Amino acid sequence: MSPAREIIPQVRVLIADDSTVMRTALVRMLESSPITRVCGTARNGAEAVEKTKLLQPDVVTMDVRMPVLDGIQVLKQIMRESPRPVVMVSSFTLDGAQITLEALEAGAFDYLPKEDLSREAAALQLRYELVEKIEAAARSPLALGKQPFKSSFFANLESDISNCHVVPKVLVLGTSTGGPKALQDILCQLPGDLPVGILVVQHMPCGFTAAFADRLDGLCKLSVHEARHGELFAPRTVYIAPAGQHMTVFNNRADQVQICLADSPLDTTHKPSMDVTMLSVAAVFREYSLGIILTGIGANGLEGMTAIRDAGGITIGQNEATCAVYGMPRACADRGVLQKIVALDQIPGQVLSALKHRPSQ
C-alpha cells in the first residue's frame, strides 16, 4: 500500500476588480499556481465586502478604484468587520500611488502595480509577484490562525547599544513588504534636530517613491525627499532611494559625502537594492554606521547589514511580532548579524540611544 500523499493547504483568494479583463487575468494567474485557489470574485466594492464575510478568504486582492464603494472604503470595512490580509492592485499614476499609500496606512498588507497584460514579460512578472505576495500575506500575523515564529537568536540580543564607543554619523533603513507603514511609524517619532542624515531603501515601483517621500515630508519633523544624484549628504534629512535606481554614497574631493544614483550594478534582484546602499555606507562611514533592517520578503539587506557589522557599525532588526513579513530581519538574525532585535515602536528610542541624542525642547 503506497503512503498517503501530504495534502498542502492552498491559500483561498477573493479577487475584487471592476474590470472583467483584469479579473479574468488574475484568476488565470492564481489558478495556475499550486499555492493558491480563487474562491470567488467581486465586481464592485459592496460585493467585495459581502463576499469577504460569506466566503472567508485567506487573502483578498482589491482594486484601489471600485464602483459603489471604493477600494479604501472596502478595505476599512473589511479591517473593521472581518480583518484579513488585503493586497491592493493599483495603477502606476501619481494619483494611484497616493491612494495606495492611504490604503497601506489603513491596513492593507501590500500592493501590486497594474501591468500592461498585453506584454508577456509584464504579465509573467505580475503573476510572480502576485503569488509571492499572496503567499506571504497568508503567513503574516494578520492572517487568521497564524502563530509567529520564535527566533532562537532573540534571547542573545539584549546588549545596550548606548554603550557603544562611537556615535553613528549615518542611519540606513532597508525594508520591503509592510515598509511604508513601518517607516512612517519610525520617522515620525524622530526629532527634527537629528544630528545625522537617513538613507531609506524601500522596494517600490517607479512613480511611487516620490509620492511616498512627499507624504512622509508632510508628516515628519525631519525633511524628507526623494534622493537626487550628486546632492550632499546632510543631517536632519531623509533620502528616499528612487525606484529604478541604486543609491550609494561616496566621498568627493573635498571629503564631503555625496549621493550617487545609478543603474549599475545590473545583476540585482531589486533596484534600488538595500545591499548596494548598505555596502557603500559601510565603506564610507565604517564603524560610524547604523543599519536597521525592517519587515520584508526575502533576504535583501543581509549582505549589506553584514558589511556594516563587520565594519564595526551597529545593526538592529525589527522583531517578528511587529513585522508584516519576518523575512529580511529573520535572514539577518539567523546569520547572527544583528546586535539587537526590537519591536517597531522601540526603534526610534534605539536610534536616539545610539546617537546619544536628546531632542531640543
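The legends below describe close-up views of a predicted model. Local features are reported at pLDDT of at least 70 and side-chain atom pairs only at pLDDT 80 or more, while totals for chains, interfaces and linings use all residues. Residues are numbered from 1 along each chain as its sequence is written, and side-chain values use heavy atoms, without hydrogens and water.

**View 1. The largest pocket and its lining.** A pocket is an open set of points on a 1 Å grid over the protein atoms alone, where a 1.4 Å probe fits, with protein on both sides within 12 Å along at least five of seven lines; lining residues have an atom within 4 Å of a point. The volume of the largest pocket is about 930 Å³, taken as the space filled by probe spheres set on the points, which are joined across faces, edges and corners. Its lining has 39 residues, and Q125, E129, H203, T269 and H270 lie nearest the centre. At least two lining residues come from each of β5 (110-113), α5 (120-138) and α8 (274-285); helices (H or I, at least four residues) and strands (E, at least two) are DSSP runs numbered from the N terminus. The most is given by α5, with six residues. By type, the lining holds 18 nonpolar, 13 polar and eight charged residues. Here Ala, Val, Leu, Ile, Met, Phe, Trp, Tyr, Cys and Pro count as nonpolar, Asp, Glu, Lys and Arg as charged, and the others, Gly among them, as polar.

**View 2. The largest nonpolar core, around L187.** A nonpolar core is a set of buried Ala, Val, Leu, Ile, Met, Phe, Trp, Tyr and Cys residues joined through side-chain atoms within 4.5 Å. Buried means under 20% relative accessible area, exposed over 50%, and partly exposed in between (1.4 Å probe, protein chains only). The largest core has 58 residues, and M62, M88, L173, L187, L190, I198 and I292 have the most contacts inside it. Beyond its neighbours within four places in sequence, L187 is in contact (heavy atoms within 4.5 Å) with L173, I198, L216, C220, L222 and V238. Another core, of 32 residues, lies apart from this one and includes I259, L302, A311 and V337.

**View 3. S289 in strand β12.** The strand covers residues 289-293. S289 counts as buried because its relative accessibility is 0%. Its side chain reaches the backbone oxygen of V281 at 3.4 Å. Leaving aside neighbours within four places in sequence, the contacts of S289 are P168, V170, V281, A282, I308, G313 and I314.

View 4. The bond from S264 to P265 is cis, with omega near 0°. The bond from K271 to P272 is also cis, with omega near 10°. Most peptide bonds are trans.

**View 5. D255 and R286, with positive phi.** Most residues other than glycine have a negative phi. D255, not a glycine, has a phi of about 60°; D255 is in the loop between β10 (246-251) and β11 and is exposed, at 61% relative accessible area. R286, also not a glycine, has a phi of about 50°. R286 is in the loop between α8 and β12 and, at 44% relative accessibility, is partly exposed.

**View 6. P191 in the loop between α6 (179-187) and β7 (197-202).** P191 is buried, at 9% relative accessible area. P191 touches K221, L222, L352, H357 and P359, not counting residues up to four places away in sequence. P191 and R236 are 45 residues apart in sequence and 8.5 Å apart in space, C-alpha to C-alpha.

Notes
Polar contact = N/O pair within 3.5 Å; in protein donor to acceptor, adjacent residues only side chain to side chain.
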